[in-house]
Structures are given as structure tokens and as C-alpha cells.
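Subject: Structure handover

Hello,

Here is the structure I promised you. Please open it first, then read my notes below.

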Amino acid sequence: MANEVVLLDLKLSPYAARVRIALEEKGIEYKSKVDDFNNKSSTLLKMNPVHQKIPVLIHNGRPICESMIIVQYIDEAWSHKPSLLPSDPYRRAHARFWADYIDKKIFPIGRNLWASKGELKESSKKDLIQCFKILEEELGDKLYFGDESFGYIDLALIPFHSFFYTFETLGNWSMVAEFPKLVEWGERCLQKESVSKSLCDQKMVYEVFSQIKLGIE
């Protein structure tokens, strides 16, 4: 059977970016099929009928949904190096914990910066700053969250580097002043071709999401 890999993709999606990075890290050839968020394709509706969301990885006709589940699948289905998850059970659980934290916090809270105003926006700003503080403490003085090499936690968080400018502009704070280690980590990750070619420009992301902000004012 041919090893056919298709990614139902969306350029601005940080979740799709995770999958693009994982595929690039593993050196897997794939076809990107960009979907329209406002006019979902029949392929997307067929391959992800439950959530009807991007990304979906289609491997030899079989769909895998949810970004970090897809990343785990890629790591297991193409088990050659580099490994995305640690081999040690404790470190693997640790990595999954932080990926879950990122999923539950960063985008859901950050979204309120451009989709709300008043007290909700201000409380969201405080919550997001607290999340970044916790993540910077977890990073500490390490090069990457997994220590010396780019791994699962880095892959979960780095797509939101594209949103740093949006967060700090709409929230009126400075990422580099508040979280210098996270900013340095992001720049370090961007030196990897798998990351730099998979992420959107920060100003492009801001232009898109600032329009959403204008729509509620």
C-alpha cells in the first residue's frame, strides 16, 4: 500500500502548525489540503464528523483528529529519530501534562483578548500573564522544555509564538520585558527549519485577529 499522507490544513491555525512541525521533524512527505473555516469541505466533514475541525491527518485513507493526538500518532507510526515524546514513562507523562495545560489555557484565554472587552478582557489578560509566568518557570534555564533538545512540549507551545505580538499588543504588555526566557526560547525554536517554515508571521496573525477585535467594539 502506498504511504499516502494528507493534512487537512489551515495556515493560521496553531493546532495545524503543530502537525506541520511534527511531519517536518520526521521528514515525512505529505500533501497539505487547505480548508475554508467558513465553508468546511465535504472531506473535512467526512473525516472529522464529530468536531468538524482542522487539523486532520489522513494516513492511507484513515483519519486521525486532534493536534496532539496526531503528533503522538506520527511519533509512533514513524518511530525513527528524532523522537517527539520521551521514552521514559515519567518524562512522557510530564510532557503530556504540560501539553494539556497549554491546550486548556493559552488559546482559550488569549481568545478573550480579541473577543471581549471590559472586565472579561482585563481578567483574561491577568490569567494569560499568569500562564506565561508558570510556563517560564517550567522552562527555567533549559534550552528547551524537554532539556537539551526540541520535543513534545516545545512542539505544543511554539505555534503560539505567532500570537505573542497579538497578545502583547491587545493586552498592552511586553513579552520580552515580562518573559525574556520564553522569548529567547521562541527565537531558538525558530532557528529550526521545521518550525520556521511552519509558523505564520506575527504581524499577519495580528492583522487577522485585530479585525475580530474591531468587530466587537
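First, a term you will need: helices (H or I, at least four residues) and strands (E, at least two) are DSSP runs, numbered from the N terminus. This is a predicted model, in which local features need pLDDT of at least 70, side-chain atom pairs count only at pLDDT 80 or more, and totals for chains, interfaces and linings use all residues. Residues are numbered from 1 along each chain as its sequence is written, and side-chain values use heavy atoms, with hydrogens and water left out.

**The annotated span**

The UniProt record, an unreviewed entry, marks residues 3-82 as "domain: GST N-terminal". UniProt positions are given in the numbering used here, feature names are shortened, and annotations may be inferred rather than shown by experiment. In the model, residues 3-82 are 38% helix and 21% strand. The end C-alpha atoms of that span lie 20 Å apart.

**The whole chain**

The protein chain has 11 helices and four strands. Its radius of gyration is 17 Å, close to the 17 Å from the globule rule for 217 residues, so the chain is as compact as a globular protein of that length. That radius is taken over C-alpha atoms, and the rule is 2.2 Å times the number of residues to the power 0.38. Along the principal axes, the C-alpha atoms fill a box of roughly 55 × 45 × 25 Å.

How much of the chain is buried? Buried residues make up 47% of the 217 residues. Buried means under 20% relative accessible area, exposed means over 50%, and partly exposed is in between (1.4 Å probe, protein chains only).

Contacts come next. A contact means heavy atoms within 4.5 Å. Take the contacts between residues at least 6 apart in sequence: 70% of them join residues at least 24 apart.

The charged side chains number 29 positive and 31 negative. The centres of the two sets lie 4 Å apart. Lys and Arg count as positive and Asp and Glu as negative, while His and the chain ends are not counted. Each charge is placed at NZ of Lys, CZ of Arg, CG of Asp or CD of Glu.

Start with V71, in helix 3 (residues 67-77). V71 is buried, at a relative accessible area of 1%. Leaving aside neighbours within four places in sequence, V71 is in contact with R18, A22, L84, Y152 and L155. V71 and L85 are 14 residues apart in sequence, and their C-alpha atoms are 9.1 Å apart.

Next is C189, in helix 9 (residues 180-190). Its relative accessible area is 0%, so C189 is buried. Not counting residues up to four places away in sequence, C189 touches Y144, F150, I158 and V195. I158 is 31 residues from C189 along the chain, and their C-alpha atoms are separated by 7.4 Å.

Then look at E136, in helix 5 (residues 118-139). Is E136 buried or exposed? E136 is buried, with a relative accessible area of 14%. Apart from neighbours within four places in sequence, E136 is in contact with E178, F179, P180, K181 and L182. E136 and E168 are 32 residues apart in sequence and 16 Å apart in space, C-alpha to C-alpha.

**Helix 7 and what follows**

E168 leads us to helix 7, where F164, T166, F167, E168, L170 and G171 are buried. Helix 7 (residues 164-171) is largely enclosed by the rest of the structure, because six of its eight residues are buried.

Just after helix 7 comes N172, with a positive phi of about 60°. N172 lies in the loop between helix 7 and helix 8 (175-178). N172 is exposed, with a relative accessible area of 65%.

Most residues other than glycine have a negative phi, and most peptide bonds are trans. N60 has a positive phi, near 50°. N60 sits in the loop between strand 3 and strand 4 (62-65), and counts as partly exposed at 25% relative accessibility.

Where are the cis peptide bonds to look at? One joins I54 and P55, with omega about 0°. P55 lies in the loop between helix 2 (42-47) and strand 3 (56-59). Another runs from K81 to P82, with omega near 0°. P82 lies in the loop between helix 3 and helix 4 (89-115).

Best wishes
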